[in-house]
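Please look through the structure shown here and then read the briefing below.

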Amino acid sequence: MHWNSVGEFFAMGGYALYVWGSFGACALLMIVEPFLARRRLTQARTILARERLADELDLQQKNS
Amino acid sequence: MRQSIVQWFRFASPQSFYPLAGRMIPWFWAAAIVFGIAGLWISFFVAPTDAQQGEGYRIIFVHVPASWMSMFIYLVMAFWAGLGLALNTRVSAMMAQALAPTGALMATLSLVTGSLWGKPMWGAWWVWDARLTSELILLFLFLGFMALQAAIDDPRRADKAGAILALVGVVNIPIIYFSVKWWNTLHQGSTINLNKAPSMAQTMLWGMLLMALAFWMYSIAVALMRVRAIILERERNTEWVKHALE
């Protein structure tokens, strides 16, 4: 470990903006992307469930 | 032998791939997190300060993995797209479609982190240098692939058009890789070569490899999540999908 203080760690030898900017950009995009992928899956499931419900209602109407 | 080949083909059907992908996702997430924590620990607390670039060089721990992944994902995407074109297998085309946004993300991260590294070291956010320009073209290839697929209504035709674009674009990968050798560029040469010892400290190398593994596991996990959504979207009129959600 070569950091003498927490402040020194965050200062990154004067490169704070560039180093934290890079790691921050990666963290941000890599948190947002799985969230979007998850939402797409949930939406696909919701649409399917709705379609199935609509089919069932159709069938009930025909039978009655 | 014959039996095992048939086993593999079984997973080429969306019906059996959908649950398989679902079971694999948590393992890839777990691996991504473990490798990521180990990689970040080495990146910030073990790897020494660079003699020339001070602490600024630590950007390498995300820049190189993102750049590698952007190129590698492109090759995998073109492979699946080509396989789908040749064999008409549905899952291959869906896999190519699922990889494109993650590839675009990695290309974006490569350019953003590269720009954040270029400013303090070269004095410019961007230069029209061979390495940077060819990586920018890679980003446009990913975006072009996505736009082309989105623009064609019939999914099978969209797959074919996309596959041709992806395969033609493969020519850009060796251009990116060898750009630092072929042209006189500002970008530094590769730190890791197959035929000579890496030109960096052992701990830096380990940090970079662990981060690359983390990015790799992340890409697989997120692409599998997306391919599951694509399977449901495209197979919605089939019987198995109707029963799969019960």
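The buried residues of H2 of chain B pack against helix H3 (60-87), H4 and helix H8 (202-234) of chain B; helices (H or I, at least four residues) and strands (E, at least two) are DSSP runs, numbered from the N terminus. Two residues count as being in contact if their C-beta atoms, placed from the backbone, lie within 7 Å. This is a predicted model, in which local features need pLDDT of at least 70 and side-chain atom pairs count only at pLDDT 80 or more, while totals for chains, interfaces and linings use all residues. Residues are numbered from 1 along each chain as its sequence is written, and chains are lettered from A, with ligands numbered from 1, in the order in which they are written.

**Helix H2 of chain B**

- Among the residues of H2(B), B:Pro14, B:Phe17, B:Ala21, B:Phe28, B:Ala32, B:Phe35, B:Gly39, B:Ile42 and B:Ser43 are buried, where buried means that 20 or more other C-beta atoms lie within 10 Å of the residue's own, exposed means 12 or fewer, and partly exposed lies in between, with C-beta atoms placed from the backbone.
- H2(B) covers residues 14-46, and its 33 residues reach 45 Å from the first C-alpha to the last, close to the expected 48 Å, a span taken as 1.5 Å times one less than the number of residues.
- At B:Met24 the helix H2(B) bends by about 30 degrees, and a proline, B:Pro26, follows within four residues; the bend at a residue is the angle between axes fitted to the seven residues ending there and the seven starting there.

**Helix H4 of chain B**

- H4(B), residues 90-122, also has 33 residues and reaches 47 Å from its first C-alpha to its last, close to the expected 48 Å.
- H4(B) is mostly covered, since 27 of its 33 residues are buried.
- A bend of about 30 degrees is found in H4(B) at B:Ala100, with a proline, B:Pro101, following within four residues.

**The nonpolar core**

- The largest nonpolar core has 78 residues, and those with the most contacts inside it are B:Met77, B:Ala81, B:Ala96, B:Ala221 and B:Val227; such a core is a set of buried Ala, Val, Leu, Ile, Met, Phe, Trp, Tyr and Cys residues joined through C-beta atoms within 7 Å.
- H8(B) gives the most to this core, with 20 residues.
- Leaving aside neighbours within four places in sequence, B:Ala221 is in contact with B:Ile25, B:Phe28, B:Trp29 and B:Ala32.

- Chain A has two helices and zero strands.
- The radius of gyration of chain A, taken over C-alpha atoms, is 25 Å, well over the 11 Å that the globule rule gives for 64 residues, so chain A is more spread out than a compact globule; the globule rule is 2.2 Å times the number of residues to the power 0.38.
- The contact between the chains takes 25 residues from chain A and 32 residues from chain B.

**Positive phi values**

- Most residues other than glycine have a negative phi.
- A:Met12, in the loop between helix H1 (6-11) and helix H2 (16-63) of chain A, has a positive phi near 50 degrees, and A:Met12 is buried, with 20 other C-beta atoms within 10 Å.
- B:Asn88, in the loop between H3 and H4 of chain B, has a positive phi of about 60 degrees, and B:Asn88 is exposed, with 12 other C-beta atoms within 10 Å.
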